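Thanks for asking me to look this one over. Here are my notes, in the order in which I would go through the model with you.

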Amino acid sequence: MKYILTFLLINLYLFSCNTKEDNRPNILFIMSDDHAYQAISAYDDRLINTPNIDRLAEEGIMFTNACVTNSICAPSRATILTGKFSHLNGKIDNHSPFDTAQITFPQLFKNAGYQTAMFGKLHFGNNPKGVDDFLILPGQGDYINPKFLGKEKDTIITGYVTDIITDLTLDWFKNKRDKSKPFLMMYLHKAPHRAWWPRADKFAEFYEKTFPEPPTLFDDYSNRGSAAKSAEMNLLTHMRYMEDSKVRPSTIKEMGGAEPEIVYVNSQKNLVRSNPNQFFSRYGRANDMQKAEYDITLDKISDDFKKNWPKMNNVEKMRWKFQRYMQDYLATISSVDDNIGRVLDYLDDSGLDKNTIVVYTSDQGFYLGEHGWFDKRFIYDESFKTPLLIRWPNTIKPGITNDEMVQNLDFAQTFLEAAMIDAPKDMQGESLMPLLKGDNDKWDREEVYYHYYEYPSVHMVKRHYGIVSKDYKLVRFYYDVDEWEMYDRKNDPNEMNNIYENEEYSDIRENLHIRLEKLRDKYQDSDELNEFYIQKYLNKNKKKN
Ligand code: SGN
Ligand code: CA
């Protein structure tokens, strides 16, 4: 009798364990590559309508001062995964290796019983730790018929990258999800990264559109330091007709090559030419059927260029390049938005929406012609800030806007707290949970720290670090210069006037200097570390030569 009773009790216990639901929230982390907040209609509707991403703003919270710690792709991803600044996780630029011995938040989720998956662009490593299932693009990846690295085998999938990453994600939800566990899904788009190849139908659609120019398109960088003047990311000077604007190499050749082919003289006094191979390596991935679709628009671009370019002055060339840039960049975003719609609809239809935290962000912002630029890297707003929208039914009130200084550094701790998993003590961010719950008085951060390293390198943005509050920005450019800049964010939102020498601001400036040093102490950054990374960079280049 005693044995029967024990047997029954054990079975009862096992039954209750099996049926005990795991109610921890799922996390769907959606990130694009180089998606400027100016190209999300919830933030700014002058350029494009993004109804699906906007749903997250309507149903959740939109951060208007979300920013990154280092505005470049792989370092941003390393910060997100480790919850640490570049100077501590070691991934200071796109080229330095990522130390995979470090703890990343997906590993903690997996250890805590979450099912984890990742599809799309990670940018480093081919075996993301702590991820049960993955297919990731090698490095930057391709837009057309992309190759993916997988756990068991690598594969080339026919089609357009944004659609494919979404198909993989939806397939996982439908066929691979373990319903007894909560999930962490990292759904990571390659778009809208340069060279902005849209899907052929969107390429055609957006080629017909004209976009408003930003007020600073013709910035001459007066009242700024040498960093803005020497950066190589100006549309007129550095954007390339073949690779970026997609004028056919044969057209340029027909026109006599020369001027449209030569782009600029770089800092080493070398002529930089537009490279037809880069055009072919992208367009050349398309099969004959896909090429035929692209050809319709490519022919229109080349005809227009041949007819009009010889008559254009520099102002007109700038305007032409800006339109070509926006047409392609925004067309790739239109695909991202459509595909996010597919995923949000799936969550609704499956009922998963109720207990899923959906996050939309980018690895950093991007210049859409502001200051005459494309690309990112600078602490100036358009690349320093990044979109951040979060929906979490019953926890986040729908339709809130928040202007606190939050960073990609905070993501790991936020997700861990939401999943009730302890965060490692050495993570450097802060959980955004009080802001998500509307307890804004429990949030007391006034300013954030930023540090960019990748120099000398493509686009030639000088090394710099700085402090940013809601009102001011103080920056030091260093390495081959030593220059300070300061901006009044409220009165000069376009950051056209460096007020560092303006005596009216001297008290504020001195106070910002003190606060910057405090931040560097707090986050354990220092001149010694700068020197360490500079030497590492120089040694690496010595070995290469
Ligand atoms: C490539 C791009 C650059 C871009 C870097 C880094 N040039 O070099 O414009 O800044 O990647 O981008 S391209 O001609 O190859 O498109 S990042 O997103 O990986 O940091
Ligand atoms: Ca990027």
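1. Strand 3 (residues 115-120) and strand 7 run parallel, joined by six bridges. Within that pairing, Thr 116 stands opposite Leu 184 of strand 7. Please keep in mind as you read on that this is a predicted model.

2. Strand 7 also has strand 1 (residues 26-32) as a partner, again in the parallel sense, with five bridges between them. Here Leu 28 sits opposite Met 185.

3. Is strand 7, at residues 183-188, mostly covered or open? It is mostly covered, with six of its six residues buried. Side chains in a regular strand alternate between the two faces of the sheet. In strand 7, Phe 183, Met 185 and Tyr 187 lie on one side, while Leu 184, Met 186 and Leu 188 lie on the other, and all are buried.

4. The largest nonpolar core has 57 residues, and Leu 28, Met 185, Phe 173 and Trp 197 are among those with the most contacts inside it. At least three of its residues come from each of domain 1 (27-196 + 332-438) and domain 2 (200-326). Another core, of 45 residues, lies apart from it and includes Met 186, Phe 105, Phe 109 and Val 406.

5. Among the residues Tyr 294 touches are Ile 144, Tyr 160, Trp 197, Phe 203 and Tyr 283.

6. On confidence, the chain averages a pLDDT of 94, and 95% of the residues score at least 70. Over residues 5-19, though, pLDDT stays under 50, and the model has zero contacts there beyond four places in sequence. Where pLDDT is low, the predicted coordinates should not be read in detail.

Note on methods: Residues are numbered from 1 along each chain as its sequence is written. Chains are lettered from A and ligands numbered from 1 in the order in which they are written. This is a predicted model: local features need pLDDT of at least 70, side-chain atom pairs count only at pLDDT 80 or more; totals for chains, interfaces and linings use all residues. Side-chain values use heavy atoms; hydrogens and water are left out. pLDDT is the predictor's confidence in each residue, from 0 to 100. Contact means heavy atoms within 4.5 Å. A nonpolar core is a set of buried Ala, Val, Leu, Ile, Met, Phe, Trp, Tyr and Cys residues joined through side-chain atoms within 4.5 Å. Buried means under 20% relative accessible area, exposed over 50%, partly exposed in between (1.4 Å probe, protein chains only). Domain bounds come from an automatic or database domain assignment. Helices (H or I, at least four residues) and strands (E, at least two) are DSSP runs, numbered from the N terminus. Two strands pair if DSSP finds at least two bridges between them.
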